[in-house]
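This briefing is meant for someone opening the structure for the first time. Please keep the sequence and the three-dimensional view at hand while reading.

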Amino acid sequence: MSTTAPAPAKLRRSLGLWAIVGLGLGYMTPMTVFDTFGIVTGETNGVVPSAYLFALIAMVFTAISYGRMTRVYPSAGSAYTYASETIHPNVGFLVGWSSLLDYLLLPLVNALIVRLYLESFFPQVPGWIWVVGYVAVITAMNLFSMSSTSRVNGILVVFQIVLIAVFVALTWTALSGGAGNGTAFSLAPLFHSGVHLAAVIGGATVVCFSFIGFDAITMYTEEAKDTKTVPRAIVLALMIGGAIFFIAAWFAQSRFPTMAGFHFTDDTLPEIAMKTGGMLFQILFVSAAVAAAVASSLASHASVSRMIYVMARNGSGRVSRTLSYIHPRFRTPATAVLLVGVVSLLAAAFTLEFVSSMINFGALIAFTVVNATVIIHFALRRKEFRGGRNIVRNIVLPGIGMLLTGVLWANLHLDALTYGLVWLTIGIITLLVVTRAFRKPLRMKLDEDGDAAIITREGAPSEVR
């Protein structure tokens, strides 16, 4: 009598196209445009829409590259997977490690923002209580069901978009009455005297934080009902999110050309709401901001746990087995989800300024590398560089994406570069330990439609038993 060992649990394919787009939009947090409006206005000398436009253009080229690489490697893991397979597993590890800092901090940032909102309403309640309760709810939702997480996220995203539409309508009325620039058709929000390209790029490095999310869609590749929808979802999320950011920034800048009359410029959302529609609108707008933080928490928590799961799946030993554990009933990466929840509890101790200063470093490295993998895979490996169409698709477009994301990375604030380099150094040390000073090669295991394989350094797949 022979017994067959049960097949290992795998992620459940439950997400359709618009569920994935919604998760991307939830991650991107449309309401953020109003939170950072004062900071970016000061950075750009009053052309916030230009900063969003520059960042969007840079992200479009990168989104195309993500879409193409997702078709080549329909596996969760995003830039980590593409760099490991196309360049080298060691490079992939460092790209994944760099991105991990940003992805881990985003759920923490959202918990911190919610803590600050609730502390302002209930100052007598210790902040750590809000953090523990909030993180517990978000973690539980991600642990028990991905489909439920996507449904709640979708509702919260729609709520944000409705409130932004109301803001645009109220602002249109105010502009027609002579407020601000006196018209929504002035080009002053895009360009005026005293505006310099360097300042616009500096503003773009701030707002590109808002675009982190379209790339996280690739983390759901193994949970998509049809992997072919993922590239479409990437472009749709980016274009819809970019349009929302640009339109909201345009009307906000038209209504408030300068920060004159604002008491706080670090987070201008409450004052913008009050000046736009009074106290009732402010309550609704702040409620939408809380909804945005919750939606972003759900999406970012889900995506980073998938990234941890994939990186652990490619390792060996007890730690890797633990972090790559899939709950047999919920079909979610349970240990990774819980780990992200534990990290998010640090929102009880850290400040928003400190955490925000550490974000963007790894994401921009990942964006640059993904563009590079398109050139390496298609132009160098597959020799698809003959003819104008191939040159444009396989060299020019990803090359422009590399250039633009490289420019953004080079213009990051000093704090982001400093903390990012410290984190990267820790990653290099970790890599040296894991590989025993490069004497033990890393392995790469893909999981496409349930077929697992270990890819050796020479690229030959070997059966997994």
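This is a predicted model: local features need pLDDT of at least 70, side-chain atom pairs count only at pLDDT 80 or more; totals for chains, interfaces and linings use all residues.

A residue is called buried here when its relative accessible area is under 20%, exposed when that value is over 50%, and partly exposed in between.

**Confidence of the model**

- Across the chain the mean pLDDT is 84, and 91% of the residues reach 70 or more.
- Over residues 448-465 the pLDDT stays under 50, although the model has 27 contacts for this stretch beyond four places in sequence.

**The covered helix H5**

- The buried residues of H5 are Ala79, Tyr80, Thr81, Tyr82, Ala83, Ser84, Glu85 and Thr86.

- When residues up to four places away in sequence are not counted, Thr44 touches Ala51, Val195, Ala199, Val200 and Gly203.
- Asn45 sits in the loop between H3 and helix H4, the latter spanning 48-72, and its relative accessibility of 42% makes it partly exposed.
- Asn45 has a positive phi of about 60° although it is not a glycine.
- Most residues other than glycine have a negative phi.

- Ala437 is not a glycine, yet its phi is positive, at about 60°.
- The loop that holds Ala437 runs between helix H17 (414-434) and strand E1 (444-448), and Ala437 counts as partly exposed at 42% relative accessibility.

- Cys208 lies in helix H9, residues 197-211, and is buried because its relative accessible area of 2% is under 20%.
- Leaving aside neighbours within four places in sequence, Cys208 is in contact with Ala55, Asn360, Leu364 and Leu408.
- The C-alpha atoms of Cys208 and Ala363 are separated by 9.5 Å, while the two residues are 155 residues apart along the chain.
- Ser210 is also found in H9, and this serine is buried as well, with a relative accessible area of 2%.
- The residues that Ser210 touches, not counting those up to four places away in sequence, are Met28, Thr32, Tyr52 and Phe245.

**Tyr103 in helix H6**

- Tyr103 lies in helix H6 and counts as buried, because its relative accessibility of 3% is under the 20% limit.
- Apart from residues up to four places away in sequence, Tyr103 touches Tyr27, Ile212, Asp215, Ala216, Met219, Val304 and Met307.
- Although Tyr103 and Gly362 are 259 residues apart along the chain, their C-alpha atoms are separated by 8.8 Å.

**The largest cavity**

- A search of the whole structure finds one cavity of 30 Å³ or more, and the largest cavity holds about 40 Å³ of space.
- The lining of the largest cavity is made up of Pro107, Ala111, Tyr134, Val135, Ile138, Thr139, Ser297, His301 and Ser344.
- Two or more residues of that lining come from each of helix H6 (89-121), helix H7 (127-144) and helix H11 (269-313).
- Helix H7 gives the largest share of the lining, with four residues.

Methods. Residues are numbered from 1 along each chain as its sequence is written. Side-chain values use heavy atoms; hydrogens and water are left out. Contact means heavy atoms within 4.5 Å. Buried means under 20% relative accessible area, exposed over 50%, partly exposed in between (1.4 Å probe, protein chains only). On a 1 Å grid over the protein atoms alone, a cavity is a set of points where a 1.4 Å probe fits but cannot get out, and a pocket is an open set with protein on both sides within 12 Å along at least five of seven lines; lining residues have an atom within 4 Å of a point. Grid points are joined across faces, edges and corners, and a volume is the space filled by probe spheres set on the points. pLDDT is the predictor's confidence in each residue, from 0 to 100.
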